Amino acid sequence: MMRATCALAAQTLQMIREHIRPGVTTQQLNDICHEYILQHHAIPSPLNYRGFPKSICTSVNQQVCHGIPGPRVLNAGDIVNVDITTFLNGFHGDTNKTFHVGLPSPKGVKITEVAKKCLDAGIRVVRPGGFFGDIGAAIEAVAKRNGCSVVREYCGHGIGRDFHEEPAVLHYGVPGTGARLEPGMIFTIEPMINLGRPEIRLLPDKWTVVTRDHSFSAQFEHTILVTRTGFEVLTDLEGEYREGPVQATQAQ
Ligand code: MF3
Ligand code: CO
Ligand code: CO
């Protein structure tokens, strides 16, 4: 059931990609995703979730997350994160990516590349017997090495019958600390990475999170299953993580 809903969320994200071009509004992206999800016998989880008014989140440039789709027109050089969560047959699947609008800008390239590397670093350390702290530490190390910062107020989460379940998956931390990773656990990893300082501010709409210093922010999210040997990325449609964990080359 989780594989099915996660595949649909990933498929929706792949479908919307070609619609992201200069001149499109975030409301149009919302409506296309909304129809697509309904056509696939699912419901967009964000709609009416704690009063959220739309079906997807669209976060542009210095917006960190939870941007509300509306009349805003996307321009060349913008970056936009599209966050899709589907509710199919009683289970939620959650994934997001940050896209370039038109020709990529240097700032956009830098922050999206670092944010993607941060997510990948977090995923690659997932294995049974490991710790949640390993994930956060791996993400933080990549962000710091690249002169970027990790947003601390929002985190990944367990997911399944409920949209947001325990535990909170922090995107910073210390290796070997926190709860143990066990086979069968399913949670998201979704680091929000800022080009400047980590501090954020909430806009008066009570949803849109922005960087305090107005620096660009990017995010990538996958839903992850802990397997007996490592991890499976349930929202990986492209087969990017198909190989699973890289085996140690040498026994200790
Ligand atoms: N999809 C977001 C997440 O990754 C949550 C969005 S909540 C909403 O957890 F209400 F803003 F949709
Ligand atoms: Co999530
Ligand atoms: Co999400």
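Visitor: Which residues coordinate the cobalt ion (ligand 2), and at what distances?

Guide: In this predicted model, the donors come from side chains of aspartate, histidine and glutamate. They follow the spacing D-x62-H-x32-E-x30-E along the chain. The residues are Asp94 (OD), His157 (NE2), Glu190 (OE) and Glu221 (OE), at 2.0 to 2.2 Å.

Visitor: What arrangement do the 6 donor atoms around the cobalt ion (ligand 2) form?

Guide: Ideal angles for six octahedral donors are 90 or 180 degrees. Around the cobalt ion (ligand 2), the angles run from 52 to 162°. Because six donors count as octahedral only if those not opposite each other lie between 65 and 115 degrees, the arrangement is classed as irregular.

Visitor: Which residue coordinates both the cobalt ion (ligand 2) and the cobalt ion (ligand 3)?

Guide: The two cobalt ions are 3.3 Å apart. The residue that coordinates both is Asp94.

Visitor: How many residues apart in sequence are the parts tied together by Glu190 and Glu221?

Guide: Glu190 lies in the loop between strand S9 (186–189) and strand S10 (192–194), and is buried at 7% relative accessible area. Glu221, buried at 0%, lies in the loop between strand S13 (217–219) and strand S14 (222–226). The pair therefore ties together parts whose separation is 31 residues.

Visitor: How many disulfides are counted?

Guide: A disulfide requires two cysteine sulfur atoms within 2.5 Å. The sulfur of Cys118 is 7.3 Å from the closest cysteine sulfur, in Cys148, which is too far for a bond. For Cys57, the nearest cysteine sulfur, that of Cys65, is 7.7 Å away. The count is 0 disulfides.

Terms used: Residues are numbered from 1 along each chain as its sequence is written. Chains are lettered from A and ligands numbered from 1 in the order in which they are written. This is a predicted model: local features need pLDDT of at least 70, side-chain atom pairs count only at pLDDT 80 or more; totals for chains, interfaces and linings use all residues. Side-chain values use heavy atoms; hydrogens and water are left out. Donors are N, O and S atoms within 2.8 Å of the metal (3.2 Å for Na, K and Ca); water is not among the atoms, so sites may look incomplete. Four donors count as tetrahedral if all angles lie between 85 and 135 degrees; four count as square planar and six as octahedral if opposite donors are over 155 degrees apart and all others between 65 and 115; anything else is irregular. Helices (H or I, at least four residues) and strands (E, at least two) are DSSP runs, numbered from the N terminus. Buried means under 20% relative accessible area, exposed over 50%, partly exposed in between (1.4 Å probe, protein chains only).
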